[in-house]
Amino acid sequence: MEPNLKDLYENYKTPANCKYCCVPKVNLKLWHDFSKELKSNDLDVQELQKGITKASQPILQLFDSALKAHKDKSLMDPDVLLPLVTDAVILPLFLHLLNEVSFLTRDR
């Protein structure tokens, strides 16, 4: 994983009220019966799921900030808003590019 993407992932922890917003664990009893190819495919899907989960977190934080501002009848702080908007755009783009690169390397 690229350091920049890893840093972005570290910025976003799963909120306490979103406990199901995570990558599901594989049943270990089944995992041991999988072929090497199937394990590799499953790990690829897990990485994609992790990326989608992480990409959704800045969006969730944006909604949370907007709801709080609406409730308090206050303006949203641009210093909080701008990094969230930026990450909400960048994370899905990174994921798309990584996915495209992985397809290119598989096809060769």
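Predicted model: local features only at pLDDT ≥ 70, side-chain atom pairs only at ≥ 80, totals over all residues.
Residues are numbered from 1 along each chain as its sequence is written, and side-chain values use heavy atoms, with hydrogens and water left out.

**View 1. The protein chain has four helices and zero strands.** Its pattern along the sequence is α-α-α-α. Helices (H or I, at least four residues) and strands (E, at least two) are DSSP runs, numbered from the N terminus. The protein chain has 108 residues, and 19% of them count as buried. Buried means under 20% relative accessible area, exposed over 50%, and partly exposed in between (1.4 Å probe, protein chains only). Accessible areas come from the Shrake-Rupley method with a 1.4 Å probe; for residues, only the protein chains shown count as cover. Among contacts (heavy atoms within 4.5 Å) between residues at least 6 apart in sequence, 72% join residues at least 24 apart.

**View 2. Gln57 sits in helix α3 (residues 36-72).** Its relative accessible area is 1%, so Gln57 is buried. Leaving aside residues up to four places away in sequence, Gln57 touches Tyr12, Lys13, Thr14, Pro15 and Cys21.

**View 3. Lys68 and Asp64 form a salt bridge.** Their closest N and O atoms are 3.2 Å apart. A salt bridge is a side-chain nitrogen of Lys or Arg within 4 Å of a carboxyl oxygen of Asp or Glu. A search of the whole structure finds one. Lys68 and Asp64 are four residues apart in helix α3, so about one helical turn separates them. Asp64 is partly exposed, at 38% relative accessibility.

**View 4. Leu91 lies in helix α4 (residues 78-107).** Leu91 is buried, at 0% relative accessibility. Leu91 and Lys54 are 37 residues apart in sequence. In space, they are 7.7 Å apart, C-alpha to C-alpha.

**View 5. Val85, Val89 and Leu93 make a nonpolar surface patch of about 240 Å².** Patches are made of residues with over 30% relative accessible area and no salt bridge: like charges are joined within 9 Å, nonpolar side chains (Val, Leu, Ile, Met, Phe, Trp, Tyr) within 5 Å. Val89 is placed in helix α4. At 47% relative accessibility, Val89 is partly exposed.
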